Amino acid sequence: MEPPNKHTRSNDEPATSYSFPDLSTLSEPVLLHILSFMNPKEAVQTCILSKRWRNLWTFIPSLNFEHFFFRDTTAAFVHFVANMLYFRGAPKLDTFRLCWHVGSQHQVSDYGDEICEIHVSNASSWIFSALSCKPLVITLDLRGFTNLKLPHALFTCTSLEQLDLKLSNRDNEETIGPKYVNLPNLKKLKVSVLTLKDPVMQRILWGCPLLEELSLSECLLKFSEMKSDCLRHLTMKNCQGYGVVEIFMPSLISLDLKDSWSGVNKLSLKNTPSLVKVFVSYEYFDEEFFSNAEFFFNSLTTVTDLELFDTGVKDLLEKIIPNCPVFDNLKRLTFGKWLINEKLDLLCQLLQRTPNLEKLTIVHKKPARPGKAEMKCATRQIPFKCKQLKVIEIKYSDPSGVHELVDILLRNTSHGEKVRIEFSCF
């Protein structure tokens, strides 16, 4: 009888077992990194694992307090956050996030005014505690605290690199009202649903010498100018305000505008020589904006990437296209989110002003009920010369009219046989 092959296992041999690494062998920084991915309640519960884990949670580098973790009462949430900050053993903090909404399961507004004031005081004291640990990132999502006024210490925290404020407090103009701003290391600032007045906005920009990204969302803007030598990326979404806002930003690279500047707002780019990427998306455009829109587009001659979306932009182009400048630097143009066949002449006229375009992307909306007027407009001959054009990308939700659109574009360009056509659904 031959001996069994060394690579085979007899039925009497136990199966090979694979053991996972023992957590106790991992270093403390690795364990703290693992705990940072847990919500605070789960992290604290690890104290029962062993003596080594008993106080480990007090050194977590990131704290993420979200009200919805606490399904029982608001009082339990307040008690937990206060105690976790009190017993915290680490002198420094990387990230602090506080998310507490009026309108959640246990609303702050369910209490009387006195109790609401207590919760506002709690939130302020927690922010102070976090600031004492020199955090790098702070996110405050405290929507609905109508009487909340952010502590001045938040605007003089020299360690901060990123600040995200979501307060839903446009009615309270004093929510952000620092008399002095000194954030020497801040690089990213996001502000949502707040009122920003003229001196406050400029104090923030002056007090953040390294600020690279600024995002304003659903804000009421009450300032007349924005000046920054370092800002590189500016985003404004669903903002409203009054008057002319002049932008002086020589380092600005990208500008993102979405459904902002409605009413009597006028946006003026005074000094943006580095601007190369612009995104504009409007569902509706107010007539008051048109008086300044030509100047706005005349300021985009340095842009290499331009995206124009939605029906409001279509109405805008109808107004300004006769006086639209030549975009010699434009390499990539994205256009659409409305029925292109309705106003294909707008696109063709714009292409007449982009002689060095390399890629054209069209987002084609599904036609509702094509009529004679649409087809007549779609078949107009408007030749354009884009000698550098290499790719036409068509994104569509419905293929109706797509091939006709491509045919018209190729017939109107001077070298259609050299253009690559790409299709994709969305």
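Residues are numbered from 1 along each chain as its sequence is written, and side-chain values use heavy atoms, with hydrogens and water left out. Because the model is predicted, local features need pLDDT of at least 70 and side-chain atom pairs count only at pLDDT 80 or more, while totals for chains, interfaces and linings use all residues.

A salt bridge here is a side-chain nitrogen of Lys or Arg within 4 Å of a carboxyl oxygen of Asp or Glu, and the count by this rule comes to 6. Among them are the following pairs.

| Salt bridge | N to O distance |
|---|---|
| E66 and R97 | 2.5 Å |
| R332 and D305 | 2.6 Å |
| R420 and E422 | 2.9 Å |

E66 is buried at 10% relative accessibility, whereas R97 is partly exposed at 24%, where buried means under 20% relative accessible area, exposed over 50% and partly exposed in between (1.4 Å probe, protein chains only).

The whole structure holds 0 disulfides, a disulfide being a pair of cysteine sulfur atoms within 2.5 Å. For C386, the nearest cysteine sulfur, that of C348, is 9.6 Å away, and C386 is buried at 0% relative accessibility.

In helix α10 (residues 402-412), the buried residues include V402, L405 and L409. Seen down the axis, the buried residues of α10 fall within an arc of 160 degrees, so they line one face of the helix; the arc is taken from the directions from the helix axis to the C-beta atoms.

Note on methods. Helices (H or I, at least four residues) and strands (E, at least two) are DSSP runs, numbered from the N terminus.
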